[in-house]
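Hello,

Here is the structure for you to look over. My notes follow below.

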Amino acid sequence: MPISSSSDSDVPVTINSEKALVVLSGGQDSTTCLFWAIREFGVDNVSALSFDYGQRHRIELDSAAKVAAFARVSHRCLPIDTFAALGGDALTDPAIEVAGDLDEPSALPNTFVPGRNLIFLTFAAAWAWPRKLDNLVTGVSQTDYSGYPDCRASTLQSLQETLRLGMESQIKIHAPLMHLSKKETVLLARQLGAIEAMAFTHTCYNGERPPCGECPACRLRAKGFAEAGIADPLVT
Ligand SMILES: [Zn+2]
């Protein structure tokens, strides 16, 4: 709720007291979203949350911590160890190789972790609720991506409705990259002053630093920077 304070002038001073929680994976997109939230809500009203879900590359969590420190926002990491126990996907199961190209274009890639974004956002909402953080920000996008069904706008709309009902809240889920291409995301990052922070981010599915340049995540990132005509500080 806006807070007004009286002053000598007739114009009330309005302070935006809305707060936002950014789900920060340590990747390029969630980093861009962190800077978007800082612009929208002010740096003092933004915090970041990461999840340790047994991802095979711990470097992601280091990246998230570095990005949050660089942006001067508070950051917490919560453990969720159930995904690794489920198995069956290339991001948490060391026995499964990340597929470079799909034999069946219509099939989901083996990097899909079923329910991951739904669980992340639900836990984020549960973290946000007692802290009165009414805005969740996520870097998911339905454009230019691998076709993960939990990255679609309709999925987020439905989840927002469920969270509002289930928590008696007015929580809003923001996905500022939802309809942007990778190129447009890079251009937005520049507009937000987030390019420098990209040096701390992690994208490579093979967990390599410097990145392998060969996996689907590396190739998508490189394509976005190339099309935007901006040098990626991670590889230059
Ligand atoms: Zn890679």
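Lys172 counts as partly exposed because it has 14 C-beta neighbours inside 10 Å. (Buried means 20 or more other C-beta atoms within 10 Å, exposed 12 or fewer, and partly exposed in between, with C-beta atoms placed from the backbone.) This is a predicted model: local features need pLDDT of at least 70, side-chain atom pairs count only at pLDDT 80 or more, and totals for chains, interfaces and linings use all residues. Residues are numbered from 1 along each chain as its sequence is written.

Lys172 sits in strand S7 (residues 172-174). Strands are DSSP runs of E, at least two residues; helices are runs of H or I, at least four; both are numbered from the N terminus. Beyond its neighbours within four places in sequence, Lys172 contacts Asp134, Asn135 and Gln160. Contact means C-beta atoms, placed from the backbone, within 7 Å. Gln157 is 15 residues away from Lys172 in sequence, and 9.3 Å away C-alpha to C-alpha.

Next, the core. The largest nonpolar core has 51 residues. Such a core is a set of buried Ala, Val, Leu, Ile, Met, Phe, Trp, Tyr and Cys residues, joined through C-beta atoms within 7 Å. Val22, Val23, Leu24, Leu34, Ala37, Ala124 and Leu136 touch the most other members. Helix H1 (residues 28-41) gives the largest share of this core, seven residues. Another core, of five residues, lies apart from it; Cys204 and Tyr205 are among them.

Leaving aside neighbours within four places in sequence, Val22 contacts residues including Ser30, Cys33, Leu34 and Val137.

Best wishes

Definitions and conventions: Two residues are in contact if their C-beta atoms, placed from the backbone, lie within 7 Å.
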